[in-house]
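Here are my notes on the helix packing and on a few backbone angles. Please read them with the model open.

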Amino acid sequence: MVDLISRGDLDITISAVAHEAGVNPTSIYRRWGTRDQLVLDATAAHLRRNSSTPDTGSLRGDLLDWIADVEHNLGTPEGRALLRTLTTADDSPGHARDVLRHFGDITTVLDRAGQRQENPPTPDQVLDRILAPLTLRTLFDLPIPEGYGRHLVEGLLASASKVPEQPDPVAGHI
């Protein structure tokens with residue numbers, strides 16, 4: 001499926017996926033039910049194969065390694081195509097959010113930082129302050145300047161160190 005999407009077929013159909021896989025479309029429907037669920041699962045599987053969960057011993061190091069991985073994935077034709085296709089999937093907002101958060105399984109990185117008594121941001125803060133700007137630039141074919149991801153990470157960490165932790169007003173609404 002990733003191959004079909006990366007060739008530019010953003011309106012991928014279950015019939016096309018079945019044909020490419022050499023199976024009957026009913027097999028695809030039985031497993032995924034909808035095209036959107038198939039897109040979400042294919043995106044998550046691609047991210048799992050092409051992402052890592054860094055463990056450098058510090059939140060800053062982990063986030064910098066993670067963001068380099070995210071930038072690399074978004075810079076590939078497959079990564080850009082999957083992101084565009086993901087935006088066309090009309091399925092559970094919770095599932096789409098989980099796929100976005102999976103970019104290298106950021107929750108594992110944040111949990112580890114908490115266990116080390118660091119003050120990690122929430123997954124929603126990472127989504128809003130780091131992933132959102134990168135995905136917006138990717139979706140609109142805007143260049144991602146060299147060091148942009150590092151700049152976003154440093155900004156998030158600097159703001160977290162200056163402000164006491166307060167409830168996130170949008171937590172759970174994404």
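**Notes on loops and helix contacts**

1. D141 is exposed, at a relative accessible area of 57% (exposed means over 50%, buried under 20%, partly exposed in between; 1.4 Å probe, protein chains only). D141 sits in the loop between α9 and α10 (148-162). Its phi is positive, near 55 degrees, and D141 is not a glycine. Most residues other than glycine have a negative phi.

2. A word on the basis. This is a predicted model, in which local features need pLDDT of at least 70 and side-chain atom pairs count only at pLDDT 80 or more, while totals for chains, interfaces and linings use all residues. Residues are numbered from 1 along each chain as its sequence is written, and side-chain values use heavy atoms, with hydrogens and water left out. Helices (H or I, at least four residues) are DSSP runs, numbered from the N terminus.

3. Q117 is another non-glycine residue with a positive phi, about 70 degrees. Look for Q117 in the loop between α8 (106-115) and α9 (123-139). Q117 counts as exposed, at 70% relative accessibility.

4. How do α2 and α3 pack? Helix α2 (residues 14-21) and helix α3 (residues 25-32) meet at an angle of about 115 degrees, and their axes are 8 Å apart. (Axes are lines fitted to C-alpha atoms over the stretch in contact; angles run from 0 to 180 degrees between N-to-C directions.) That makes α2 roughly perpendicular to α3, a term for angles of 65 to 115 degrees.

5. Now the residues. From α2, I14, S15, V17 and A18 contact P25, I28 and Y29 of α3 (contact means heavy atoms within 4.5 Å). By class, the contact of α2 with α3 has 6 nonpolar, 1 polar and no charged residues. (Ala, Val, Leu, Ile, Met, Phe, Trp, Tyr, Cys and Pro count as nonpolar; Asp, Glu, Lys and Arg as charged; the others, Gly among them, as polar.)

6. Which residues of α2 are buried? They are I14, V17 and A18. These residues cover an arc of only 100 degrees around the axis, so they lie on the same side of α2. (The arc is that of the directions from the helix axis to the C-beta atoms.) G22 follows α2 and has a positive phi, near 75 degrees.

7. Helix α6 (residues 77-88) packs on α9 at about 95 degrees, with the axes 10 Å apart. The two helices are therefore roughly perpendicular to each other. R80, L83, R84 and T87 of α6 and T135, T138 and L139 of α9 make the contact. By class, the contact of α6 with α9 has 2 nonpolar, 3 polar and 2 charged residues.

Technical notes:
Angles under 35 degrees count as roughly parallel, over 145 as roughly antiparallel, 65 to 115 as roughly perpendicular and the rest as oblique.
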